[in-house]
Amino acid sequence: MMRIAANIRCFTVLKSWFSTVRCSSEVFVSRLSFYTKHDEFRNMFSQFGKVKEARLIMDNKTGRTKGFGFVTFETEDEALKAIKGLNGRVVQGRLVFVESATSTKADGNDAKSNS
C-alpha cells in the first residue's frame with residue numbers, strides 16, 4: 001500500500017510540473033557557424049513555416065555572429081517542426097542544436113535562455 005501512495009504522490013508532482021511547461025513559438029539555435037548570414041539563417045527555417053523574426057546574435061567587436069540565434073514562428077506547431085527537422089543536423093559543416101526557447105526572470109528583466 002505504501003508503494004502505491006508513493007507512486008500517486010510522484011505522479012501528482014510530475015503532473016503539476018508538466019502542466020507548467022509549455023512550448024513556445026520561438027526556438028533557440030546554437031552551434032551555428034560564425035560566418036552564417038542573416039538571410040541564410042532565415043531561409044534555413046522558412047521551410048518549416050512562416051518566420052516572423054530571425055535574430056542572429058552578433059559580436060560587436062568582430063562583426064561576426066556569436067554562433068547562436070532565435071527564430072520566432074507564427075505557431076507552436078511550426079516551431080516543433082523546425083526542432084524535429086534541424087535539431088542534431090549538420091548545417092554548414094557544424095552540428096547545430098534547435099530547442100524551444102524559454103524566458104526566465106533575471107533581476108526583474110525578461111531574458112532569453114535555453115534552459
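A residue counts as buried when its relative accessible area is under 20%, as exposed when that area is over 50%, and as partly exposed in between. The model shown in every view is predicted.

**View 1. Helix α3 and its buried residues.** Helix α3 covers residues 76–86. Its buried residues are E78, A79, A82, I83, G85 and L86. An α-helix has 3.6 residues a turn, so residues three or four places apart point the same way. After α3 comes G88, which has a positive phi, near 80°.

**View 2. The overall fold, for orientation.** The chain contains three helices and eight strands. Along the sequence, these elements follow the pattern α-β-α-β-β-α-β-β-β-β-β. Of the 115 residues in the chain, 30% are buried.

**View 3. The hairpin of β2 and β3.** Strand β2 (residues 51–58) runs antiparallel to strand β3 (residues 65–73), and six bridges join the two. At one place in this pairing, V51 stands opposite F73 of β3. The two strands form a hairpin, with six residues between them. Within the turn, G63 has a positive phi of about 80°.

View 4. How many aromatic pairs does a search of the whole structure find? The search finds four. One of them joins F28 and F68, whose rings lie 5.8 Å apart, centre to centre, with 45° between the planes, and the pair is tilted. Because F28 belongs to strand β1 and F68 to strand β3, this pair ties together parts that are 40 residues apart in sequence. F28 is buried, with a relative accessible area of 8%, whereas F68 is partly exposed, at 27%. F28 also forms a tilted aromatic pair with F70, at 5.3 Å centre to centre and 55° between the planes. F70 lies in strand β3 and F28 in strand β1, so this pair ties together parts that are 42 residues apart in sequence. The relative accessible area of F70 is 6%, and F70 is therefore buried, the cut-off being 20%. F28, F68 and F70 form one aromatic cluster.

**View 5. The surroundings of F68.** F68 has its place in strand β3. Which residues are in contact with F68, leaving aside its neighbours within four places in sequence? They are F28, V29, S30, L32, L56 and I57. For F28, the C-alpha to C-alpha distance to F68 is 7.5 Å, across 40 residues of sequence.

**View 6. The largest nonpolar core.** This core has 19 residues. The members that touch the most other members are V27, V29, F41, F45, V71 and F73. Two or more residues each come from β1, α2, β2, β3 and α3. Which element gives the most to this core? It is α3, with four residues.

**View 7. The contacts of F73.** F73, which stands in β3 opposite V51, is among the core residues that touch the most other members. Not counting residues up to four places away in sequence, F73 touches S25, V27, F45, F48, G49, K50, V51, K52, E78, A79 and A82. Of these, E78, A79 and A82 are also among the buried residues of α3.

View 8. E26 has its place in strand β1. Is E26 buried or exposed? Its relative accessible area is 7%, so E26 is buried, the cut-off being 20%. The C-alpha atoms of E26 and A79 are separated by 6.5 Å, although the two residues are 53 apart along the chain.

Technical notes. Residues numbered from 1 in each chain as written. Predicted model: local features only at pLDDT ≥ 70, side-chain atom pairs only at ≥ 80, totals over all residues. Heavy atoms only, no water. Pairing = 2+ DSSP bridges. Buried < 20%, exposed > 50% of the residue type's maximum accessible area, 1.4 Å probe, protein only. Phe/Tyr/Trp six-rings, centres within 6.5 Å; stacked < 30°, edge-to-face > 60°. Contact = heavy atoms within 4.5 Å. Core = buried A, V, L, I, M, F, W, Y, C linked by side-chain atoms within 4.5 Å.
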